[in-house]
Every structure is written in structure tokens, then in C-alpha cells.
Amino acid sequence: MKAKRWVKYICTRLFYMALTLFIITSATFFLMNALPGTPYNNQDRLTQAQLDMLNKKYGFDRPLFERYINYLGNVLHGDFGVSLQFSDQPVATLLSQRMGPSLQLGLQAVLFGSLVGVFLGVIAAMHQNRALDVFCSLFAITGRSVPNFVVAVLLQYIFAVTLKVLPIGLWDDGFRSTILPTLALSISPMAESCRFIRTEMVEVLSSDYIELARAKGMSEIRIAFTHGLRNGLIPLITVLGPMTVSLMTGSLVVENIFAVPGIGEQFTKSILSNDYYTIMAVTILFSALLVVVIFLTDILYQIIDPRVRIEGVQ
Amino acid sequence: MKRILALVLAASLLLSLVVVSAGAEEDKKVLHWFIGGEVTTVDTGKVYDTISGEAVFLIADPLYRLDENADPVPNLAVALPEISEDGLTVTVTIRDDAKYVDGTPVKAQDIVYATQRIFDPAVGSQNSSVADIKNGAAVRAGEVAVEELGVKALSDTVVEFTLSGADPYITKKLADTSYSPIPQAFAEAQGEGYALSADALLSAGPFVLSGWTGTEISWSYVKNPNYWDAENVYFDEIIYQVVKDQNTALNLYEAGQIDGVNVDSDFIPLYEGQEDLVKINTLRMTNLEFNINSLQGDGSYTPHPVLSNENIRKALVYGIDREELCSAVLNGAAAPAVGVIPNGIAASPDGESVKDSFGTLVYTDLEAAQEYFKKGLEELGVDSVELRLVTSDTDESIKIGTYLQSAYQTNLPGLTINLANVPSSVRFAEMMGYNFDLALGGWTGDYDPTSYPNQFETSYEHNHAKWFSDELTAIINALKNEDGTDFAARWEHLRQANQYLVDNAITIPLEQAVKGYLVNTKLQNYITHQLGYSVFDLSRAYFAE
């Protein structure tokens, strides 16, 4: 019975996810076509005849609605069109070649950042209002407020330019190339996790069942990590989900500073240059990742927190 | 014991391999070079910007190359072209020993095919700096078949171009990589996938593209052993690296990881006076453009409420200090404009520069500017005017825009400039809507100086001012259709066009861009270009021992 309800729940969610994606895709398509300018890089020198020729070649001379229907049809067949910024390369090639490094850096950053952040948060909560707490909180505030490109430039200057222990940039030194960009990107999840965990843990650590654990003679570290942390993790999952997506989809500045061949810049660049099919593909990709992660987060809630129950599932 | 011995032997063998390969690596002559963005295309027929221009330069084998004085010298061609008396027929004989990377010989038919591709609507090239080949426009418009284009092979080594009008700059134009051979059978076999990766390309130039599959930020050029002039090609490999962050690029250069890197105007003062700072005076003009007649919704044009007034326009031409703009704002990454035609593009029949022959037509004269402005306001019957200045949102455009706003408001009391920094595509859409006040624009023409005044000719789509003038049209028509190779008449008409545009204040020429680079001082024998799609010719460069 329970399984049946789960299936129903998941099917409903999947339907809404598909609907969300459809609405995002359609809205983006029409909004993007309202952008001023043409998708051609050389637009300030093209003659009218050349412009007509290019519009015809790429089908931009067709009525908007016809193009929309064609596009949806093509996407369903797995054809995402070509990028006009990248010599008519299929957009699918662009995304597949560029997603890897961004995905790797994003996951490394979330993993490293949240682990260290959780650890610092627990330490801070255990030493509430003492020097260690102040230090961790200060770190969290700094991490939240300093933009990651400042951190990136500082890291590059210290570790690559001055100490010469890590590469300045470029994606040609295996794992070593990923260390500095990962560190720069991990500051934000680190600070965020530290802040959330501290706040939650301070509350949890003063509750009755923790007192009981203390009375039973459990060590503070064991109390904090086994009893406190599980409850403190719940709100963190809410923020970590979308943050993971945003990190996996790359960072414009950090990727530029370390010369990483990621996807980070493509979203902004494609919008600024009216690269229609790239805008569409990147939007679809990012939204799909986001709805999937939100869905997974909701499922995860059920597993971590027995109090949360979805409608229909007992 | 035997096992240990075997292990030791194996280890020493491995070690020696490493040592040997390291030694081989050291002997390899490699150049590391910087590029500002990902390749936009490696199809020589589609090249339209400096990035694609750089990307194809080492793999292309154009008919001519430009020497250090920007004079064309034979490359794939055996000699300078034979040009008929009327200037309309240009015959080029190519080398019979040129080969593609795979050993296939290069034929004149491949030049014909390459030229056709530039105009073929099915290929869809954005290249706008093309020679005026007969039927070119009609082929692009799809009105006549591509075979009707004025280019044909007379034999395996002789190609004949037929032009629409006599063009004394045709040899320089044929030095463009667009006129490099493309093997038709190979390209057609690749179909839509042609030149979308290094494997889908067959080139005949000094180097071969390697390790590029479409979107990389690093790729390399490997020496082509089949190149007809391979003995004068020094580097075994030239590695290109896309670095978009200026700080990172400079850090990589200073760490010795890159041998040549671009320097933005902000960083030029740091390197001023250093031996490795290379400055290239380009022929890129930055103009502050006016809209003089504005396009209305019904397709008609009405005079711009403020800028149709000639005195107001003249006040803006003389009310700005170009020296200060170039030195204080752009840190020397620009030279003050002298007129609409850039200085350095060509010399007069007497060998004089544009500046010396035509004079410095645009300069600072605050008194005159204020007088013009006062007169203009009186004619308009107002005390003050407000204009919107639209610029792109790049660092440099914002800097120039902010400077212009502050300088004009100080120099011309009563003038308010509202600044709008927008993405380039938005700025350009506004300019092409022919309904704006002021816009920071630019123009890079070709080696024919006519390409500069031509942008203000009545029928030209990039005449953003929408200045309608039969007088200017007559001068441009004379330059395009009558003067031919009569350089004295041509120079006189260029003088008239330049003077006309300044006298009527149709645009405000501001500056000519100077590009800054840091180049490893060991690097010798490279050539820099003032114009065209590639800045550096590294094909014959070498490291001084």
C-alpha cells in the first residue's frame, strides 16, 4: 500500500517537473527572441543582403511561432541546434565538452566546503560564545560576504604566483589544476554550512534529550556528532541542494580566473550575444538540474526526518 | 635474485625512457601563445573576426602574405598578380609544388572553390571584408548560381578573378586567408561537419591544427612537413591558450608559461618602457556617432531634434580633448584621430601620410566649440540640451563614455549627457534602428581607405547617422567606379570625402586603437598587422639562440 502511494507521489511530481520545464522552455524562447540585436558576432559589419542570407540559412526568417514548434520538435528528437558563437558547433557538443570541468569543480567544492563547514559549525556550537565560536562565526561571515573572485585572485597570488606550489591556471595539470578553483568555489558552501549548522546545533544541544545523553555520561563529541548533527542537518539540505546546482553549472569569474574550460561563462555569454540555441539549451539544462535536485531534496527529507510526511504517504 | 635483477633492469629501462623522452621534449621547439577567446571558426571561408583570423592564420596558405611594411609578397602565388589594363581581370599563378597535409597537390580549382564558399549562401559566411568580385552580391543574395561568381581556374596553376570595379588594393585583399585553397572533394565529403574539428579539416599551410574538437580553450598547431616552405618554419609546435582574465594572462607570461600575451590599456603603464612591450598602431577607428535623421515608425525620416543642427554637431567635434582621452584615459592604448580616414592606412602618391597630406582635421578648440554651441542653442531656441550617449558595457567603452560625458558637460555648459552602458548587441540594435542621439561606435575597414568614408554614404546600411548626401555619394562612386588605379585621382577623392565628412560634422572621429602585447624578447622574425583578421604572423618566427 505504502509503495503504491510512493509511486503515485513520484508520478505526480514527475508530471509537475515536466510541466515546469515546458513552461520555462517556452517562456525563455519567447523572451529571448524579444532581445534586441542579431545572433551574429559580426553584426556591425554585415550588409543587409548578408543578414538576409544568414537569417534564411538559420531559419530566423520564419514566423516566431513556427520556429517555436520546430524547436520543440527538434528538442524532443535530441537536436538542440547549433551555436553561432562556436562556429556552428552543435550545442550538444558544446555542453558535453564543457559540463565536465564545471561538474567536477562544483561537486568537489560542495563536498569539501560542506564537510569543512559542518565541522566548523559543530565546533562553534560546542564552544558557544567562546573564542572558537567567534572565530568560526567570523569566518562564516567573511566567507559569505567576500565575493569568490576576490578569494580566487588571492589564492592564485599566494599559492601560484608567490609560493609557486600550484598552477596559476589552465586545465592541464590533472587534479592539481582543480585545487585552487575548488577552494575558491568552496568558500561559499563552507560559510553557509557553518552558519546553518551552528544555529541549529546551538538549539539542539540545549534540548532535553541531549541533556539526558549528557546525564548518561556520553562524551560531548559523541553527543554533538551522533545526536546533534542529524537534527542540525535538515535545514542545511534545503540550501545545499540549489547551491550544488549553482556550483555544478559553473562560475563565470572563477572559471575565467583559472582558465577552466567550463560551462560557467556560456550562460551569460550566450545571452549577451543572442546565441539563441545555446541560451535555450543551457536554460533547459540548468532548470532540469534544479527541478531534479529539488525533487531529490524532498525525498531526502522523508528519509532524514521522520516527522516530515508527504501527503498520502504514511 | 633473478627477480630483483629483472626489476632493477625494468626500472632502469623505464627511467631511461623517461630521461630520453624528457630530452626529446626539450629539443622540441615550442611556442606558447595567448588568445582572448574560443575559436569562432577554423573554416577559412567563414573567418570574420580577430579570433577566427588568428585561429586559421597558421594553417592557411593564402595567395599572398603581408611583409613588415604591409606590402603584399607572393606566398602560394609565384608572383604578384597580372592585372588587366581596365583593372577588372586579375590573374594569379600558384606554385606547382604546394601540397596539402596528406600530400594531395594544391590546384587552382581549390582557390576557386574557396572563393565561391565565401559567397555561397549555403555556407553562410559572416566575412564582410571581401574583394569586390563580379556577381558576389548577387550570389550572396541567391539570385545567381555560385558558379557565376567571377573566379575561374584557367589551368591547374592559374586562377583568374573578375572584379566588379577596378581595385588597386586587390593584391592586399588577396593576402587574406579567406583565399586559401580548400580541397573540394574533401570538404564536400565532410558536409555540414567540415571544419568543425581538426580532423574534419585538410589544410596546406605551414602548420596543422591539432587537438581541437570544437570548444577547447587550448589547442596546438604542429609543423606541416609537407609545406612547400617547411625549411623556413622554425617551431615544431605552437600552443594556443585561451585566457580571458588579464591578471591570469600576465601572471602566466611573467612565470614564463606563455611567450606572448595581450595587455589591456589598464596594465600598459606597468610595462611602459620595457623591452618586451610591443605596441601595434591599428587602423581601428573609434567614433562618436550621431543620428542626424531619425527613422520613424512609418518608415520615413525626420531630422533629429538636436543633432540635425550643424553647429551643435560641430561643437561636439571640437569640444573634446583627444590627447587627454588617449593618454590619460586609455593609457596610450590609442592615438588621437586626425579625420575619418585613419592615419597609416595608405600613403599619398608623393609618399605622404594621411595626417601630413590631409592634415589634422579634428582637434580641440574649446573657444570655437563654445561659440558653435551657443549659436546652435540660439537656432534651436533653447537654453540647454540633453542627449543620451549609448556605449557597450565593456570596460573600455564605459571608460570612454564616462570621460566624454564629463568632458562635454564641463566644456559645453548647458549640455547634459545621459550615459547608457548596454550590451553590444543592444547598442548595435539601437544604432541600426537609426533612432538614437549619440553612440560610441567603431569601424575597421579594409586596406582600401574608401571603406572608411563609405560607411556614411547615403545607401549604406551602416550609415547610422542617416546623412543623405548626393555630394558624398558622387565622391564615393568616383572612388569605387572611376578612379581605378589612377592613384592621384583616388587620393584627391579620398581627401574630398574626408574633408566633406569633417566639414559637415557627420561623425566625431575620436581615436585609433593601439594594441599592447608583451612578447618574449627571444622571439624574432614575427610580423604584426595593423588591419585584418590576424594581428601576428608567427609562421616564420623563431627563438634567437
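Author: Helices here are DSSP runs of H or I with at least four residues, strands are runs of E with at least two, and both are numbered from the N terminus. The model is predicted.

Start with helix 10 of chain B, residues 322-329. Three of its residues are buried: Arg322(B), Leu325(B) and Cys326(B). Viewed down the axis of helix 10 of chain B, these buried residues stay within an arc of 90°, so they line one face. The spacing follows a rule: an α-helix has 3.6 residues a turn, so residues three or four places apart point the same way. What covers the buried face? The cover includes strand 15 (334-336), helix 13 (395-411) and strand 19 (507-519) of chain B. Just after helix 10 of chain B comes Asn331(B), with a positive phi of about 50°.

Now look at a buried loop position in chain B. Ala541(B) sits in the loop between strand 22 (536-537) and strand 23 (542-543) of chain B. The cut-off for buried is 20 or more other C-beta atoms within 10 Å. Ala541(B) has 21 such neighbours, so it counts as buried. Beyond the neighbours within four places in sequence, Ala541(B) contacts Tyr234(B), Leu523(B), Gln524(B), Asn525(B) and Tyr526(B). Sequence distance and space part ways here: Phe235(B) is 306 residues from Ala541(B), yet their C-alpha atoms are 7.6 Å apart.

Next, a sheet. Chain B has an open, antiparallel sheet of four strands in the order 4-5-7-6. Strand 4 (82-83) and strand 6 (151-153) of chain B are the edges; each has a single partner strand, so one side of each has no neighbour in the sheet. Strand 5 (residues 89-93) and strand 7 (residues 158-162) of chain B pair antiparallel over five bridges. In that pairing, Val90(B) stands opposite Phe161(B), and Thr89(B) has Thr162(B) as its bridge partner. Helix 3 (residues 108-119) of chain B packs on this sheet and touches strand 6 and strand 7 of chain B. The direction of helix 3 makes about 160° with that of strand 6 of chain B.

Strand 7 has another partner. Strand 6 and strand 7 of chain B pair antiparallel over three bridges. A hairpin of four residues joins them. There, Ala153(B) is bridged to Val159(B). Strand 7 of chain B also has two faces: Val159(B) and Phe161(B) are covered, while Val158(B), Glu160(B) and Thr162(B) are uncovered.

Now cross to the other chain. In the contact between chains, 39 residues of chain A meet 39 residues of chain B. On the chain A side, helix 2, helix 4 (91-126), helix 6 (148-162) and helix 10 (252-257) each supply at least two residues. Helix 2 of chain A gives the largest share, six residues. By class, that side of chain A has 16 nonpolar, 17 polar and six charged residues.

Helix 2 of chain A, residues 48-58, buries Gln50(A), Met53(A) and Leu54(A). They fall within an arc of 95° seen down the axis of helix 2 of chain A, so they too line one face. Those buried residues pack against helix 4 (136-140) of chain B. Helix 2 of chain A is followed by Gly59(A), whose phi is positive, near 80°.

Helix 6 of chain A also packs within its own chain. The axes of helix 6 and helix 7 (residues 175-205) of chain A come within 9 Å and cross at roughly 145°. The crossing is right-handed. From helix 6 of chain A come Asn148(A), Val151(A), Ala152(A), Leu155(A), Gln156(A), Phe159(A) and Ala160(A). Facing them from helix 7 of chain A are Leu180(A), Leu183(A), Ala184(A), Leu185(A), Ile187(A) and Ser188(A). This contact has 10 nonpolar and three polar residues, and no charged ones.

Technical notes:
Residues numbered from 1 in each chain as written. Chains lettered and ligands numbered in written order. Predicted model: local features only at pLDDT ≥ 70, side-chain atom pairs only at ≥ 80, totals over all residues. Buried ≥ 20, exposed ≤ 12 C-beta atoms within 10 Å, placed from the backbone. Arc of directions from axis to C-beta. Contact = placed C-beta atoms within 7 Å. Nonpolar A, V, L, I, M, F, W, Y, C, P; charged D, E, K, R; others polar. Pairing = 2+ DSSP bridges. Axes fitted to C-alpha atoms, helices over the stretch in contact; angles between N-to-C directions. Left-handed = near helix turned anticlockwise from the far one by under 90°.
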